[in-house]
Amino acid sequence: MEQYVIKGGVPLEGEVVIAGAKNAALGILAATVMTDDVCIVENVPYVSDTRTLLKAIENIGATVEYIDRHTVRICAKGILSDENLSVDDEYIRKIRASYYLIGALLGKYKYADVALPGGCDIGARPIDLHIKGFEKLGADVSIISGGKIVARAEKLVGSHIYLDTVSVGATINIMLAAVLAEGKTTIENAAKEPHIVDVANFLNSMGANIKGAGTDVIRIRGVARLHGSEYSIIPDQIEAGTFMAMAVATRGNILIKNVIPKHLESISSKFTEMGAKVIEYDDSVRVMADGDLRSTHIKTLPYPGFPTDMQAQMAVTLALATGTSIVTESIFENRFRYVSELNKMGANIRVEGNTAIISGVPRFTGAMLTASDLRAGAALVIAGLAADGYSYIDEIKYVLRGYEDFDEKIRNLGGGIEIAESEEDITRFKLKVV
Ligand code: UD1
């Protein structure tokens, strides 16, 4: 089984280039099935989640071609959506974002039959708001045993939709269906994440009429059809934040390139509070830390609040800061499963409900660890890089879902990390990093 083997204790230094945003890519790639024309999408991160979604899209009849590692040409003309088309294969159930195909296919064909989503197990992740939105647009939605959603409509008609909870997935999914509905749709209490804006910009580049993406009221005027487009995806805010945390935890100095600094504000301000230095340039940030770090408190919130997807990586840096920090997780209920792993390394963290109380320690010691989800896995890698000695991390498939060339990028910064498949690989690695 593949695992990361890490030799920690080296400050990471150098430059890293951030890939396209995974969560924007998933919405945008799903949206390409809404036109019969060709779409060319650039800056697609080469990670297992995007490759899986592309496989699923290909399996329902679209042609998908990688022009280069980050540019994909998709033509969905071959999709023949009718009552026989069911999107259910080994790929679709692997990723949660496959639910975007419900909104996209329902919008285009007024019919969608898609297996229920998988993804990371970070607590109950209902899709009631997605379903409520589709129903408001006039669709009949049923959940079939075996874990499938079937949505159909004579026609979709624009509506006023209020989301009880701010949901990234529901906002994007309803937006997808509504762009091809008749008349006007308003989504209130919409999510405002940068990837919502990116998906809306892509849909507008295909001829949709969406206004207000990035605010909490999105107004959509339905159009009859969408056309092909060429589009480049925004940089990944969370990958950038993860490398920022790596610089801080290892007391390093990293220039993080291809970012939109504005998207990183909530993260930058926390690292600054902790005593790290964050310098913003036009499309890069430099993060430096040396000496003692100070404790602080964080609470995860929808954008522009502190992202839940950075909670675990941030906690690693706080666990190495002087004093007590409180981390409150207000989006997902099961996002502290990395804590027991960090405590094995010498961290002092106590979880009470949705709060982690972190008493900082001067250093971690390497340990045998298991990733429980994508961001928890990234956090354990950061912890391993900051720790004395060797760490071994299992279940790296989670990390590969969302970080492109993670180990290679870290090696380029001087970090000791390798993917090992056998004892021999581990021995070879140890001889190399001694
Ligand atoms: C997306 C991101 C994920 C990120 C999360 C929050 C993708 C592919 N994934 O996930 O990385 O952690 O946003 O920023 O973009 N909820 C409901 N009913 C619903 C939908 C959501 O109650 O129908 C609740 C969820 O349980 C959660 C909250 O709303 O408590 C936010 O979830 P949501 O924003 O929908 O997360 P995802 O879109 O699944």
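This is a predicted model: local features need pLDDT of at least 70, side-chain atom pairs count only at pLDDT 80 or more; totals for chains, interfaces and linings use all residues.
## Basis of the values

Residues are numbered from 1 along each chain as its sequence is written.

## Overall build

The protein chain contains 14 helices and 23 strands. Both are DSSP runs numbered from the N terminus: helices are H or I with at least four residues, strands are E with at least two. The radius of gyration, taken over C-alpha atoms, is compared with a globule rule of 2.2 Å times the number of residues to the power 0.38. For the protein chain the radius is 22 Å, close to the 22 Å that the rule gives for 434 residues, so the chain is as compact as a globular protein of that length. The C-alpha trace spans about 65 × 45 × 40 Å along its principal axes.

Of the 434 residues, 58% count as buried. Buried means under 20% relative accessible area, exposed over 50%, and partly exposed in between, with a 1.4 Å probe and protein chains only. Among contacts (heavy atoms within 4.5 Å) between residues at least 6 apart in sequence, 74% join residues at least 24 apart.

## Nonpolar cores

A nonpolar core is a set of buried Ala, Val, Leu, Ile, Met, Phe, Trp, Tyr and Cys residues joined through side-chain atoms within 4.5 Å. The largest one has 80 residues, of which Leu-101, Met-175 and Leu-203 touch the most other members. Leaving aside residues up to four places away in sequence, Leu-203 touches Ala-31, Met-34, Met-175, Leu-176, Val-179, Ala-208, Ile-210 and Leu-226. Another core lies apart from this one; its 73 residues include Ile-256, Ile-267, Leu-320 and Ala-376.

## Helix 6

Leu-203 is also one of the buried residues of helix 6, among them Pro-194, His-195, Ile-196 and Phe-202. After helix 6 comes Gly-207, with a positive phi near 105 degrees.

## Salt bridges

A salt bridge is a side-chain nitrogen of Lys or Arg within 4 Å of a carboxyl oxygen of Asp or Glu. The structure holds 23 of them. One joins Glu-239 to Lys-409, with the closest N and O atoms 2.7 Å apart. Glu-239 lies in helix 7 (residues 237-249) and Lys-409 in helix 13 (residues 406-412), so this pair ties together parts that are 170 residues apart in sequence. Glu-239 is buried at a relative accessible area of 2%, and Lys-409 is buried at 11%.

Glu-273 pairs with Lys-270 in a salt bridge whose closest N and O atoms are 3.4 Å apart. Both residues lie in helix 8 (residues 265-273), 3 residues apart, about one turn of the helix. Glu-273 is partly exposed, with a relative accessible area of 38%, whereas Lys-270 is buried, at 16%. Elsewhere, a network of salt bridges links Asp-407, Arg-411, Glu-418 and Lys-432.

Conventions: Side-chain values use heavy atoms; hydrogens and water are left out.
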